[in-house]
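Reader: I would like a close look at a single helix and what surrounds it. Please keep it plain.

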Amino acid sequence: MEEKNKILILPDFIANQIAAGEVVQRPESVVKELVENSLDAGATDIAVFVKTAGKQLIHVVDNGFGISKSDLELSIRRHATSKLVTAEDLEEIRTYGFRGEALASIASVAFLEIRSKQNDDVHGWKLVSEPMKKEVLSPINMDNGTQVFVKNLFFNVPARRKFLKSDLTEFRYISDTMIKFAVIRPDIRFTFYDNENLIFDVSPSEPIKRIENILGKNIASSLIPVEYSNDVLKISGFIGEPLIAKQSKSGQYLFLNQRSIVSKALNYAIFSSFEHLLEKKSHPFYLLNITLDPRQVDVNVHPQKHEVKFEDEKYIYNALMKAVGQALAKSNLTPEIVLNKQDIEAPFSKVSSDDDGFIVVNKITGEVVSGQQNNVDHRSKFSSQPSFQKNKDYSLEKSENKNFDISAFDFMFNKKNIENQNLGVLTSSESEKPLHMYWQVHKKYICTQTDKGFLIVDQHAAHERILYEKALKAINKEFSYSQDLLFPIEVELDASRRLLAKELEKDIINLGFVFEEVSNGKLKINAVPLDVMSGSEAESLVGILEQYEEESRLRESTARDNLAASFSCKAAIKTGKVLSGDEMKKLIDELFNCAMPYVCPHGRPVIIEFTIPELDRRFGRMD
Ligand code: ADP
Ligand code: MG
């Protein structure tokens with residue numbers, strides 16, 4: 001009888017095909033492996049041509065150090081690699097390849113031709129390989145470097161071929177990969193052709209210039225540089241200003257030692273530093289490279305090498321958060337910047353209107369700026385607007401509590417008028433200095449003059465930001481934020497709140513609450529955080545817990561962040577509250593002492609600044 005379960009050693013060819021299933025999943029994998037080989041060979045000029053999304057042909061040409069005749073024969077053997085692994089210093093990247101699997105795998109599922117010439121050689125060598133056949137080696141005249149042709153990928157594995165997606169989709173995979181190479185290696189010239197169409201041809205340049213060439217001016221002009229380093233790692237690159245965040249994750253490039261990687265955890269680290277700057281569900285742009293001692297990471301996790309293992313992932317997670325957080329804090333994110341940046345390209349766009357010719361629209365804000373921009377009498381335009389015809393009465397008597405119901409525009413136009421009536425708050429007694437006044441608009445916004453122009457602050461959002469930062473510091477035990485209550489109060493918590501309070505107990509105590517459980521569900525509160533408004537002590541804890549539940553439904557964030565945000569939301573002054581001059585001044589002063597005054601904990605802007613140049617331009621004062 002024949003033996004049934006006899007163990008066989010797989011013939012090389014079958015083993016290669018199996019390996020190919022892992023290494024070469026689609027044309028894009030071939031492109032990636034070949035370009036990595038070129039980079040490993042020290043090439044400074046790499047050209048990639050694909051036909052029908054790489055299904056028919058993938059052709060990669062480099063000017064690297066080439067392959068000798070004997071290595072050429074070996075190169076398509078499994079586990080043949082010339083790349084030795086040595087301990088290098090931090091700055092140096094290790095080679096992309098090390099498994100010696102790519103060429104062998106490709107050779108088992110396609111026609112493969114490799115031509116290569118090393119610098120010292122008179123001529124090069126050409127290796128032609130076909131699955132299941134003996135390869136043929138012959139001399140060839142060619143430039144220094146290596147040229148690889150991969151034809152009819154998966155022609156002998158119909159199942160795989162069928163599994164490929166449409167040309168458009170497969171091409172997109174390839175171009176995504178090419179884009180990643182191009183943005184992380186601005187030192188290399190990359191040429192990329194689809195059929196006969198040039199997709200890009202980029203010469204070596206500064207990183208930011210390369211980003212502009214590949215990803216466009218829009219992105220390149222909205223980036224915040226990131227530079228962070230310590231003894232263990234270095235994080236460098238760029239993050240996008242919140243305004244270029246997208247609904248999709250397409251603008252997220254993360255590299256480890258210049259190798260593109262995927263890591264949900266690290267992605268989340270970056271996202272959470274952005275969190276309060278972004279709307280729900282939007283994804284920040286980033287292009288970051290982590291430089292790490294190769295001994296700290298295990299890149300040998302997945303044959304495609306996208307996923308990596310860190311010895312201490314938590315450490316890298318925290319470092320990324322810090323790096324991005326610092327970069328964001330350093331950058332000034334007032335919307336004013338956005339407007340200014342567009343000074344280079346005028347933001348106005350002419351749009352034809354029904355009546356007389358065209359109107360001018362601000363492309364960024366979408367607002368109608370004026371009629372014909374140059375030869376229109378702006379005064380007559382404005383005087384036809386009802387709000388400016390109305391002769392408002394700004395007298396103090398009529399507007400109680402110094403709550404002036406006037407618009408910022410009214411103020412600009414009637415500045416003298418208002419100053420004469422000496423409204424608002426004087427912070428400077430020297431008469432020659434500009435008056436620093438604060439005026440409240442519709443019990444909602446505070447306006448004040450700045451060195452550059454004037455700004456408008458959302459009173460609730462501003463107070464939220466101030467309290468949020470205080471609360472975070474308190475929770476992190478940086479200062480004591482507690483005030484004793486003269487008369488302790490009792491509150492009752494339902495079961496789920498009770499659980500939540502237990503879960504957050506430590507942080508709640510650090511925030512400034514002192515309480516004891518008197519009976520099941522009943523708490524006696526002896527102290528509350530300082531900024532809890534008098535009169536609302538009783539409901540403060542319950543309100544915060546409620547808000548906390550709500551917040552955690554809306555967004556993912558850390559418990560401490562969420563607690564601080566919930567507290568600030570509950571304790572902040574509300575829209576509709578009339579503020580005295582002193583209160584407004586204090587609020588604005590404290591706001592500018594914040595680490596991040598420009599956005600509230602929910603990501604909405606706190607401040608909008610109008611600069612004089614911006615105003616001049618809008619008013620047609622081009623001088
Ligand atoms: P690995 O890159 O993991 O070493 P590969 O199968 O991709 O394995 O390549 C096998 C070997 O062929 C490499 O180690 C290298 O010596 C050589 N090689 C491949 N492509 C090139 C190239 N473009 N220039 C120089 N040498 C190359
Ligand atoms: Mg390789």
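Which exposed residues does the face of α21 turned away from its buried side carry?

Author: They are D582 and K586. Exposed means over 50% relative accessible area, buried under 20%, and partly exposed in between, with a 1.4 Å probe and protein chains only. This is a predicted model, in which local features need pLDDT of at least 70, side-chain atom pairs count only at pLDDT 80 or more, and totals for chains, interfaces and linings use all residues. Residues are numbered from 1 along each chain as its sequence is written, chains are lettered from A and ligands numbered from 1 in the order in which they are written, and side-chain values use heavy atoms, with hydrogens and water left out.

Helix α21 covers residues 581–592, twelve residues. Helices (H or I, at least four residues) and strands (E, at least two) are DSSP runs numbered from the N terminus. From first C-alpha to last, α21 reaches 17 Å, close to the 16 Å expected at 1.5 Å a residue; the expected span is 1.5 Å times one less than the number of residues.

The buried residues of α21 are G581, M584, L587, I588 and L591. They lie on the same side of α21 because they cover an arc of only 130° around the axis, the arc being that of the directions from the helix axis to the C-beta atoms. An α-helix has 3.6 residues a turn, so residues three or four places apart point the same way.

The buried residues of α21 pack against β19 (438–441), β20 (445–449), β21 (453–458), α16 (459–475) and β25 (607–611). Contact here means heavy atoms within 4.5 Å.

At the N-terminal end, D458 caps α16: a side-chain oxygen of D458 lies 3.1 Å from the backbone nitrogen of H460. That is a polar contact, a pair of N or O atoms within 3.5 Å; within protein, one must be able to donate a hydrogen and the other to accept it, and residues adjacent in sequence count only if both atoms are side-chain atoms.

After α16 comes K477, in the loop between α16 and β22 (482–492). K477 is exposed, with a relative accessible area of 63%. Its phi is positive, about 60°, although K477 is not a glycine. Most residues other than glycine have a negative phi.

The strands bring in two loops. K443, between β19 and β20, also has a positive phi, about 55°, and is not a glycine. At 34% relative accessibility, K443 counts as partly exposed. T450 sits in the loop between β20 and β21 and counts as buried at 16% relative accessibility. Leaving aside residues up to four places away in sequence, T450 touches L455 and E609.

C447 is buried at 1% relative accessibility, and C594 is buried at 11%. A search of the whole structure finds zero disulfides, a disulfide being a pair of cysteine sulfur atoms within 2.5 Å.

As for the whole protein, there are 22 helices and 25 strands, and buried residues make up 48% of its 623 residues.
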